[in-house]
Amino acid sequence: MENLIMEETKYTPSINLDAQKGLIELVGKSYPENTFEFYKPMMDWVEEYFNGNEQFITTINFEIIYFNSSSSKLFFDFFDLIEEMREAGKYTEINWIYDKDNDSALETGEDFKEDFEELNFKLIEK
Amino acid sequence: METFENKLIDEIEELQTKFTKTTQKLIKDVKRQDNIMARSDKRQQQEYDELQRKFAEVETLQKEIEDTQKEIVFTMGAIGESRSKETGNHVKRVAKYSKILALHYGLPETEAELLKQASPMHDIGKVAIPDAILNKPGRLNEEERLIMDTHSQLGYDMLNSSDRPLLKMASIVAYEHHEKWNGKGYPQGLSGEDIHIYGRITALADVFDALGSSRVYKEAWDDERIFKMFKEERGEHFDPRLIDIFFENLEEFLKVRDSLKDVK
């Protein structure tokens, strides 16, 4: 399966989806003009990956320093998908990385952790 | 007795389960949306507060810069004046007269205000004139007069290299405030509207104030004498339109003069 790499832009994070390493990584800001359209390739990739191309454990790193509300919504959808995968027996380890001065990044991370009790969700202060 | 299984009940029960599942999901989604909205509102508020703070900061800094600039410019003018033993109030009065003339002439408020700040520098070139000439009691001889007159050019040269609008304006004022409407002024001998309006305005403001003040070489003139001279020099030394403005708004000028009297 091909990896998917997207460079960081002013409004969008860098995206690194590596099937061989079992890595899903987002770093940067997220306030695209059309959030769902922007993330569609990533969501498609993730579905295809977990459909038999996945490693035993997949590491998911989110280091999002700024995001709009539709990005928040999309991340919920993303973790919904991960939770479904968990129910199907696919293991993931999620690292939500935030800067200690970034309250909103921490609070959002806490929301995810609370909402997805089944997932191995870690909040990591940078 | 064997109970008859109604298939319909099975179907309804299945629907019921699906309905419960779907509504639960919907409730979860709505809660999430509310949560996202609340978080977003909170953040937006923080961001807006932060923006306001930054704007206020920028405004304060900007004002600080402007005030500093005004002060420097004013001080430069005062330095020029102090060398010729005139009081700092001369500079202040000329500044205010210039703004009044500029506004009535029809220049926009911002430009008139800028001229008010620039006009105190009209004589800055005098810092380069020797004391013996600058403060000579009595009339200057021909040679001394020529040296004295170079202060316009000197002031222009000092200020002209700057790109700041205020200093650019000041350089025009310094250069052209001794030009005369009839072309008999210096250093370029320009006439009429070829003399920049800033120069024409400052010329009138400067002369009005100089005549009304006593200097090392002369007593102060009384108003009648000044007004008579102004009427004679309408269209000669001065822009006729500015002389008209002066007389039409005489009260304003006299008020400024009264509020900024020289302390003897």
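Biologist: Let's say two strands pair if DSSP finds at least two bridges between them; in what order do the strands of the sheet in chain A then come?

Modeller: This is a predicted model, and in it six strands of chain A form an open sheet in the order β1-β2-β3-β4-β5-β6, with mixed pairing. The edges are β1 (4-6) and β6 (121-125) of chain A, each of which pairs on one side only. Direction ignored, neighbouring strands of this sheet are turned by 15° against each other on average.

Biologist: In which sense do β5 and β6 of chain A pair, and over how many bridges?

Modeller: Strand β5 (residues 91-98) of chain A pairs with β6(A) in the parallel sense, over five bridges. Within that stretch of chain A, Trp96(A) has Leu123(A) of β6(A) as its bridge partner.

Biologist: And which strands does α3(A) touch where it packs on the sheet?

Modeller: Helix α3(A) touches β4 (57-67), β5 and β6 of chain A, and its direction makes about 165° with that of β6(A).

Biologist: Stepping back, how do the elements of chain A run from the N terminus on?

Modeller: Chain A has three helices and six strands, and they run β-β-β-α-β-α-β-α-β. Of its 126 residues, 27% are buried. As for contacts in chain A between residues at least 6 apart in sequence, 68% join residues at least 24 apart.

Biologist: Now α1(A): what end-to-end distance should its 19 residues span?

Modeller: At 1.5 Å a residue, helix α1 (residues 35-53) of chain A should span 27 Å, and because its end C-alpha atoms are 26 Å apart, the two values agree.

Biologist: Where is the kink in α1(A) centred?

Modeller: The kink in α1(A) is about 35° and is centred on Pro41(A).

Biologist: Which residues of α1(A) are buried, and what do they pack against?

Modeller: The buried residues are Thr35(A), Phe38(A), Tyr39(A), Val46(A) and Tyr49(A). These buried residues of α1(A) pack against β3 (23-30) and α2 of chain A.

Biologist: Changing topic, where is Ala19(A) found, and is it buried, exposed or in between?

Modeller: Ala19(A) sits in the loop between β2 (14-18) and β3 of chain A. With 18 other C-beta atoms within 10 Å, Ala19(A) is partly exposed, because a buried residue needs 20 or more and an exposed one has 12 or fewer.

Biologist: Which residues is Ala19(A) in contact with, leaving aside neighbours within four places in sequence?

Modeller: With those neighbours set aside, Ala19(A) is in contact with Met1(A), Asn3(A), Tyr49(A) and Asn53(A). The Tyr49(A) in that list is also one of the buried residues of α1(A). Separately, Ala19(A) and Glu54(A) are 35 residues apart in sequence, while their C-alpha atoms are 6.6 Å apart in space.

Biologist: What about chain B: how many helices and strands does it have?

Modeller: Chain B has 11 helices and zero strands. Buried residues make up 29% of its 264 residues, and of the contacts in chain B with a separation of 6 or more, 67% are between residues 24 or more positions apart.

Biologist: How many residues of chain A are in contact with chain B?

Modeller: Eight residues of chain A are in contact with seven residues of chain B. On the side of chain A that touches chain B, α2 (69-87) and α3 (103-115) of chain A each supply at least two residues. By class, that side of chain A has one nonpolar, four polar and three charged residues.

Technical notes:
Residues numbered from 1 in each chain as written. Chains lettered and ligands numbered in written order. Predicted model: local features only at pLDDT ≥ 70, side-chain atom pairs only at ≥ 80, totals over all residues. Helix = DSSP H or I, 4+ residues; strand = E, 2+ residues; numbered from the N terminus. Contact = placed C-beta atoms within 7 Å. Nonpolar A, V, L, I, M, F, W, Y, C, P; charged D, E, K, R; others polar. Expected span 1.5 Å × (residues − 1). Bend = angle between axes of the 7 residues up to and from the residue. Pairing = 2+ DSSP bridges. Axes fitted to C-alpha atoms, helices over the stretch in contact; angles between N-to-C directions.
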